[in-house]
Amino acid sequence: MEKNSEPTANKNQKKANLLDHHSIKHILDESVSEIVASRGYAEDVRMSNVRLLLGTVIIAVALVAQFYKKKFPENRDFLIGCIVLYPFFV
């Protein structure tokens, strides 16, 4: 008698380097995502999108502060404003 079907545990088995905690975390995250998605829940990425937007705003503020056309003593107030804005976006 032939055996064509494999157990589902062996079919979806993932391997990770047990000495690498990043690899283990990646496998766990991937497995949990698959289980949650298979149960019909949709992934909500709004928080990730908000974090990306805030990061972009912080980078824009830093670039403006870095490449402002006036040199340091003249742009002191502008730099203080950028420094004050930073904690509100982080």
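**Figure 1. Confidence along the elements of the predicted chain.** In this predicted model, helix α1 (residues 8-11) has the lowest mean pLDDT among the elements of the chain, at 57, whereas α2 has the highest, at 89. For the chain as a whole the mean pLDDT is 79, and 83% of the residues reach 70 or more. Where pLDDT is low, the predicted coordinates should not be read in detail.

**Figure 2. Overall make-up of the chain.** The chain contains four helices and zero strands, and from the N terminus on its elements follow the order α-α-α-α. Of its 90 residues, 7% count as buried. The accessible surface comes to about 8,700 Å², and carbon and sulfur atoms account for 61% of that area.

**Figure 3. Helix α2 and the residue that follows its end.** Helix α2, which covers residues 21-38, has 18 residues and reaches 26 Å from its first C-alpha to its last, a span close to the 26 Å expected at 1.5 Å a residue. Just after α2, Gly40 adopts a positive phi of about 95°.

Figure 4. Asp29 pairs with Lys25 in a salt bridge, with the closest N and O atoms 2.5 Å apart. Both residues belong to helix α2 and are separated by four residues, about one turn of the helix. An α-helix has 3.6 residues a turn, so residues three or four places apart point the same way. Asp29 has a relative accessibility of 37% and therefore counts as partly exposed.

**Figure 5. A salt bridge between Asp44 and Arg46.** The count of salt bridges in the model comes to two, and one of them joins the side chains of Asp44 and Arg46, at 3.0 Å from N to O. Asp44 and Arg46 are both exposed. Side chains of opposite charge can pair when their charged atoms come close.

**Figure 6. A nonpolar patch on the surface.** Val32, Val36 and Tyr41 form a nonpolar patch on the surface, and together these residues have about 310 Å² of accessible area.

Figure 7. Gln66 is found in helix α3, which covers residues 46-66. With a relative accessible area of 57%, Gln66 lies over the 50% cut-off and is therefore exposed. Gln66 and Leu79 are 13 residues apart in sequence, and their C-alpha atoms are 8.9 Å apart in space.

Conventions: Residues are numbered from 1 along each chain as its sequence is written. This is a predicted model: local features need pLDDT of at least 70, side-chain atom pairs count only at pLDDT 80 or more; totals for chains, interfaces and linings use all residues. Side-chain values use heavy atoms; hydrogens and water are left out. Patches are made of residues with over 30% relative accessible area and no salt bridge: like charges are joined within 9 Å, nonpolar side chains (Val, Leu, Ile, Met, Phe, Trp, Tyr) within 5 Å. Accessible areas come from the Shrake-Rupley method with a 1.4 Å probe; for residues, only the protein chains shown count as cover. A salt bridge is a side-chain nitrogen of Lys or Arg within 4 Å of a carboxyl oxygen of Asp or Glu. Helices (H or I, at least four residues) and strands (E, at least two) are DSSP runs, numbered from the N terminus. Buried means under 20% relative accessible area, exposed over 50%, partly exposed in between (1.4 Å probe, protein chains only). pLDDT is the predictor's confidence in each residue, from 0 to 100. The expected span of a helix is 1.5 Å times one less than its number of residues.
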